[in-house]
Amino acid sequence: MITGHVPILSQDVMDGSACNYNNSATVDDGSCEFTSCVGCTIPAACNYDATATVHDSSDCEFPVNGYNCIGECLEDSDGDGVCDMFEIPGVMTLKP
């Protein structure tokens with residue numbers, strides 16, 4: 001009679017570059033998936049993805065200079081809707 005440890009086989013993804021990699025897998029089941037973990041990992045980007053583990057710089061979108069991600073002026077000290085950095089000294093903006 002043979003006694004001893006019988007290894008438990010765990011089928012899953014063994015490719016470490018796959019988004020669904022499982023480091024405890026002992027048999028690769030071929031279900032690798034490479035897109036769900038890819039995204040913009042730069043927190044300053046408008047479309048920052050905190051769940052992304054693989055950075056894709058072509059996916060990042062940044063606000064236009066002087067504005068936030070929803071198009072609001074970052075600084076408009078006189079409240080005229082023109083960002084301070086774009087104000088022209090001596091020119092008044094009429095409010096509707």
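# Disulfides, rings and exposure in a predicted model

In this predicted model, the bonded cysteines of the protein chain, numbered in sequence order, pair as 1-2, 3-5, 4-6, 7-8. Cys-32 is in no disulfide, and the nearest cysteine sulfur, that of Cys-19, is 9.9 Å away.

Q: How many disulfides does the count come to?
A: The count comes to four disulfides. In general terms, a disulfide is a covalent bond between the sulfur atoms of two cysteines.

Q: What makes Cys-40 and Cys-60 a disulfide?
A: Their sulfur atoms are 2.1 Å apart, and the cut-off is 2.5 Å, so Cys-40 and Cys-60 count as a disulfide. Cys-40 lies in the loop between β3 (38-39) and β4, while Cys-60 lies in the segment after β4, so this pair ties together parts that are 20 residues apart in sequence.

Q: Why is the disulfide of Cys-40 and Cys-60 called right-handed?
A: The torsion about its S-S bond is about 105 degrees, and the disulfide is therefore right-handed.

Q: How do you know whether Cys-40 and Cys-60 are buried or exposed?
A: Buried means under 20% relative accessible area; Cys-40 has 0% relative accessibility and so counts as buried, and Cys-60, at 13%, counts as buried too.

Q: What makes Cys-46 and Cys-69 a disulfide, and which hand does the link have?
A: The sulfur atoms of Cys-46 and Cys-69 are 2.0 Å apart, which is within the 2.5 Å limit, so the two form a disulfide. The value about the S-S bond is -90 degrees, and the link is left-handed. Because Cys-46 lies in the loop between β3 and β4 and Cys-69 in the segment after β4, the pair ties together parts that are 23 residues apart in sequence.

Q: Why are Cys-46 and Cys-69 called partly exposed?
A: The partly exposed class lies between the buried limit of 20% and the exposed limit of 50%. Cys-46 has a relative accessible area of 33% and is therefore partly exposed, and Cys-69, at 44% relative accessibility, also counts as partly exposed.

Q: How do you know that Cys-73 and Cys-83 form a disulfide, and why is it called left-handed?
A: Their sulfur atoms are 2.2 Å apart, and a disulfide needs a pair within 2.5 Å, so Cys-73 and Cys-83 meet the rule. The torsion about their S-S bond is about -100 degrees, so this disulfide is left-handed. Both Cys-73 and Cys-83 lie in the segment after β4, and the pair ties together parts that are ten residues apart in sequence.

Q: How many aromatic pairs does the structure hold, and what makes the rings of Tyr-67 and Phe-86 a pair?
A: The structure holds one aromatic pair. The rings of Tyr-67 and Phe-86 have their centres 6.0 Å apart, and rings pair if their centres lie within 6.5 Å, so these two rings qualify.

Q: Why is the pair of Tyr-67 and Phe-86 called stacked?
A: Planes under 30 degrees apart count as stacked, and the planes of Tyr-67 and Phe-86 are at 20 degrees, so the pair is stacked. Tyr-67 and Phe-86 both lie in the segment after β4 (54-55), and the pair ties together parts that are 19 residues apart in sequence. Tyr-67 is partly exposed, with a relative accessible area of 26%, and Phe-86 counts as partly exposed at 39% relative accessibility.

Q: Why is Ile-8 called exposed, and where does Ile-8 lie?
A: Exposed means over 50% relative accessible area, and Ile-8 has 73%, so Ile-8 is exposed. Ile-8 has its place in the segment before β1 (11-12).

Q: How many helices and strands does the protein chain have, and what share of its residues is buried?
A: The protein chain has zero helices and four strands, which run β-β-β-β from the N terminus on. Of its 96 residues, 14% count as buried.

Conventions: Residues are numbered from 1 along each chain as its sequence is written. This is a predicted model: local features need pLDDT of at least 70, side-chain atom pairs count only at pLDDT 80 or more; totals for chains, interfaces and linings use all residues. Side-chain values use heavy atoms; hydrogens and water are left out. Rings of Phe, Tyr and Trp (its six-membered ring) pair if their centres lie within 6.5 Å; planes under 30 degrees apart count as stacked, over 60 as edge-to-face and the rest as tilted. Helices (H or I, at least four residues) and strands (E, at least two) are DSSP runs, numbered from the N terminus. Buried means under 20% relative accessible area, exposed over 50%, partly exposed in between (1.4 Å probe, protein chains only).
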